[in-house]
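Hi everyone, thanks for coming. Please bring up the sequence and the model on your screens, and let's walk through them together.

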Amino acid sequence: MSIGSIPVRFRISIDPEQCMLCGRCIENCSYGVFRKEGDAIKINSRNCVACHRCLAFCPRDAIDIVEKPTDYRSHPVWTREIREAIFNQAKTGKIIVAGMGNVLPYPMIFDRLVLDACQVTNPSIDPLREPMELRTYVGKKPASLSLSEKANGDVELLTELTPNLQIETPIMVGHMSYGAISLNAQLALAKAVTKMGTFMGTGEGGLHEALYPYQDHMIVQVASGRFGVDINYLERGAAIEIKIGQGAKPGIGGHLPGEKVCADVSCTRMIPEGSDALSPAPHHDIYSIEDLKQLVRSLKEATEWKKPVFVKIAAVHNAAAIAAGIARSSADAVVIDGFRGGTGAAPRVFRDHVGIPVEAAIASVDAKLRDQGIRNEVSLIASGGIRESADIAKIICLGADAVYIGTSALVAMGCRVCGTCNRGVCAWGIATQKPELVQRLDPETASIQVANLIHAWTDELAELMGAAGINSIESLRGNRDRLRGYMLDESLMKVLDVKQVGA
Amino acid sequence: MSRCSHFIEGMFKSTQAILRCDTMCGIIGVIDRRRQCMDGSAIRQALSMMNERGSGQGAGYVAYGIYPEYRDLYALHVFFDNIRENKPALDNILEKLGTVVHDEEIPTSDEAKIRKVHTPWRYFFRPDRSLMPKSATPDDDIVMQMMMDVNTAKNGTLIFSSGKNLGVFKASGWPEDVADFYRIQDYKGYLWLAHNRYPTNSPGWWGGAHPFNLLDWSVVHNGEITSYGTNQRYIQSYGYQCTMYTDTEVVAYLFDLLVRRHGLSPRMACRALAPPFWDEIDGMPPKEQEINRAIRLTYGPALMNGPFAICIASEDSLVGFTDRIKLRPLISGELGDRLYISSEEAAIRVLEPDVENITMPKAGEPVIGRVIA
């Protein structure tokens with residue numbers, strides 16, 4: 001082959017002074033890096049994806065991993081990644097598929113926004129001593145209330161409220177399907193959200209029977225492939241989400257390869273075993289906003305108007321106008337999935353180049369809905385690139401009601417963000433259906449870790465709110481006055497509607 | 001508190017933002033339920049009693065019932081930066097929107113220790129309601145819209161009082177000096193509110209002093225609203241423009257929205273602005289739970305956070321309430337037909353030495369006085 005082999009991405013070494021030849025690295029690596037030859041452990045560095053499974057289970061800290069041990073001639077335009085993508089496509093002639101989220105070094109808007117705190121003129125509030133309310137209701141709210149008050153002080157409520165999801169923290173877990181992730185991973189998430197009084201999404205993979213005990217905390221997804229959807233599924237969910245698009249790959253559908261469609265996945269998705277699960281790019285019954293409205297209302301009708309219906313779109317240029325259209329479709333919440341959102345598998349070109357950051361999308365959607373006087377008609381859920389509690393505080397200040405986390409919940413279960421989810425051999429038992437790998441993930445332990453993360457972030461949010469003199473999360477929502485932009489350009493600050501630091 | 005703020009570059013021309021002020025502030029209000037009038041001399045004394053809470057950079061009064069001869073007309077109180085340049089423009093606007101029945105300079109005393117940086121003027125105005133045929137409250141809507149337009153234009157004219165049979169009198173200075181400047185003892189009202197201001201960052205813009213007024217609503221406020229950004233974005237989507245560079249004005253707009261436009265009672269409006277905690281709501285009987293949950297869901301963006309004690313007046317009521325954990329003082333007392341609300345009991349006792357039923361309202365719970373005549 002004229003291109004020849006390209007440099008290895010990672011160089012693995014084992015310190016012979018430390019290694020006791022226990023073989024745990026061999027057992028744990030699902031990518032075939034290690035093998036035993038005689039009394040020695042041999043290494044094939046080319047297979048390594050840096051998932052750190054070997055490293056994490058080496059009892060002697062004997063393993064070392066070095067990224068990019070061989071340099072290319074450095075060049076600002078023809079980067080290593082660009083060159084290697086060309087090699088790859090020259091060899092295969094195909095679209096490059098990759099896992100996880102956007103890898104390009106776009107500026108991180110979150111990191112250029114800073115939060116406020118009280119000093120002297122108003123007291124900060126100590127969440128350990130005073131009530132601090134993070135409870136959030138996701139769903140449609142009336143624009144005004146009609147109350148009738150009698151002379152004796154009795155009050156009658158004349159306005160009928162539509163169903164909302166009550167969450168004790170504004171943090172929910174986004175949609176990752178059974179198929180994309182393992183049943184043990186879904187079980188862990190389900191136990192965690194149930195414990196924390198919040199919700200998770202099923203993704204477009206149906207609802208496995210093992211999750212029925214947690215169904216009151218599950219948002220069931222209806223996506224373009226309609227996998228796993230029947231009336232039983234809809235009725236079990238606490239809410240229903242129509243997925244139009246996804247931040248990691250706006251504008252295209254999904255592809256679960258047949259080899260991942262084992263017997264169990266096939267039953268849950270309601271498709272033949274071993275067949276590819278292809279979700280079309282559009283819903284073939286939604287070619288316009290009025291079609292979406294029909295689907296929203298059909299799903300509500302099917303479930304007797306007892307469940308909120310969400311609509312998820314990828315954050316694209318015109319997200320504000322699209323969200324305003326969705327708000328008028330009877331939908332109860334709009335999910336805006338930013339271009340940093342993760343995925344099991346996406347074409348690299350989409351993952352890295354299509355869509356906009358969630359910060360800008362939420363700011364413009366919130367502004368558009370307010371302009372049209374319909375902000376209360378829907379809740380806004382932000383997702384895609386929420387990495388820490390500060391991101392949550394900031395996106396709520398920009399106008400979100402709540403967030404979905406995805407990648408960070410997986411990281412809490414051990415995921416090292418190696419970006420190889422699409423290969424289906426996740427050594428951590430998360431993004432795989434291979435029984436021997438899936439059983440590595442103990443749902444009980446993993447659920448505690450995910451619950452711990454949500455708990456810790458919720459505590460941090462409470463502290464941030466208290467420091468800002470706010471004891472109820474609704475006073476943080478859309479409160480852009482408590483944000484300042486640091487080294488953000490003027491036009492972006494205008495979109496975000498925040499002032500610069502010092503102003 | 002306020003974010004009272006001030007214009008830095010020129011009276012009404014600054015583009016600079018909101019500065020918070022009044023960290024402390026003293027407030028006092030009194031209502032006579034039978035509309036028996038009191039002149040302004042006692043409230044002047046009571047407000048001065050709280051000079052510890054002020055800094056001489058702002059004080060103000062509002063009195064209801066002071067213009068009986070023009071009771072059906074909107075009394076517009078205006079600051080002009082330059083009477084010759086600014087007044088003709090406003091005259092022109094008012095002429096297009098209705099009829100000015102009478103206008104005059106607001107009488108001031110030359111002897112008071114106030115530097116007269118604006119000329120205070122008053123108009124008695126009748127809007128032409130045929131201009132807003134679709135509105136249920138055309139007169140109010142015309143006056144409100146006109147006030148928002150004039151104040152956002154920031155061209156040397158500020159309308160700071162726009163109700164009927166009431167008037168705001170405010171300036172930069174100590175309470176007694178502001179009172180003497182406006183000869184406040186000459187006015188007789190059945191409902192008074194007054195405010196002694198301690199701005200933390202302010203040369204003392206007159207427009208930033210309290211009370212703030214919109215139509216029938218007047219507000220005095222001690223504190224700082226940490227939810228201002230949320231509240232402001234909420235009311236802006238209903239057409240209100242924040243023009244005073246202070247967090248206090250949102251209270252007047254929120255009350256106008258909730259009470260006048262949404263039809264809530266003042267008690268329920270206070271419930272929306274300072275609602276019970278979820279823990280309390282969860283422990284209520286089902287019906288009450290439902291009502292309180294509905295209020296919090298619907299009016300979450302109107303919830304006011306941060307430390308505050310507020311008095312809100314309208315033609316027929318005086319309401320005092322604090323934030324949900326009472327980070328600012330508020331005390332009430334009664335005698336006969338009169339209800340008193342203030343930051344300090346001492347101030348109430350200046351107004352009425354024999355006051356009875358001195359009580360400290362619980363956090364978030366409103367004290368409401370209504371006229372019965």
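Let me start with contacts inside chain B. Two residues are in contact if their C-beta atoms, placed from the backbone, lie within 7 Å. In chain B, 74% of the contacts with a separation of 6 or more are between residues 24 or more positions apart.

A quick word on what you are looking at. This is a predicted model, where local features need pLDDT of at least 70, side-chain atom pairs count only at pLDDT 80 or more, and totals for chains, interfaces and linings use all residues. Residues are numbered from 1 along each chain as its sequence is written, while chains are lettered from A and ligands numbered from 1 in the order in which they are written.

Staying with chain B, we find 10 helices and 18 strands; these are DSSP runs, with helices being H or I of at least four residues and strands E of at least two, numbered from the N terminus. Its C-alpha trace spans about 60 × 50 × 45 Å along the principal axes. How many of its 373 residues are buried? The buried share is 60%, where buried means that 20 or more other C-beta atoms lie within 10 Å of the residue's own.

Now to the cores. A nonpolar core is a set of buried Ala, Val, Leu, Ile, Met, Phe, Trp, Tyr and Cys residues joined through C-beta atoms within 7 Å. The largest has 147 residues, and A:Ile336 and A:Val403 touch the most other members. Helix α14 of chain A, residues 443-467, contributes the most to this core, with 10 residues. Domain 1 (10-94) and domain 2 (170-250 + 288-500) of chain A both give residues to this core, so it lies between them. Those bounds come from an automatic or database domain assignment. There is also a second, separate core of 115 residues, including B:Ile31 and B:Leu303.

What about the two domains themselves? Their C-alpha centres, for domain 1 and domain 2 of chain A, lie 33 Å apart. Contacts join 9 residues of domain 1 of chain A to 7 residues of domain 2 of chain A.

Finally, where the chains meet, 38 residues of chain A are in contact with 34 residues of chain B. On the chain A side, β8 (147-149) and β9 (155-157) each supply at least two residues.

Technical notes: A residue is buried if 20 or more other C-beta atoms lie within 10 Å of its own, exposed if 12 or fewer, and partly exposed in between; C-beta atoms are placed from the backbone.
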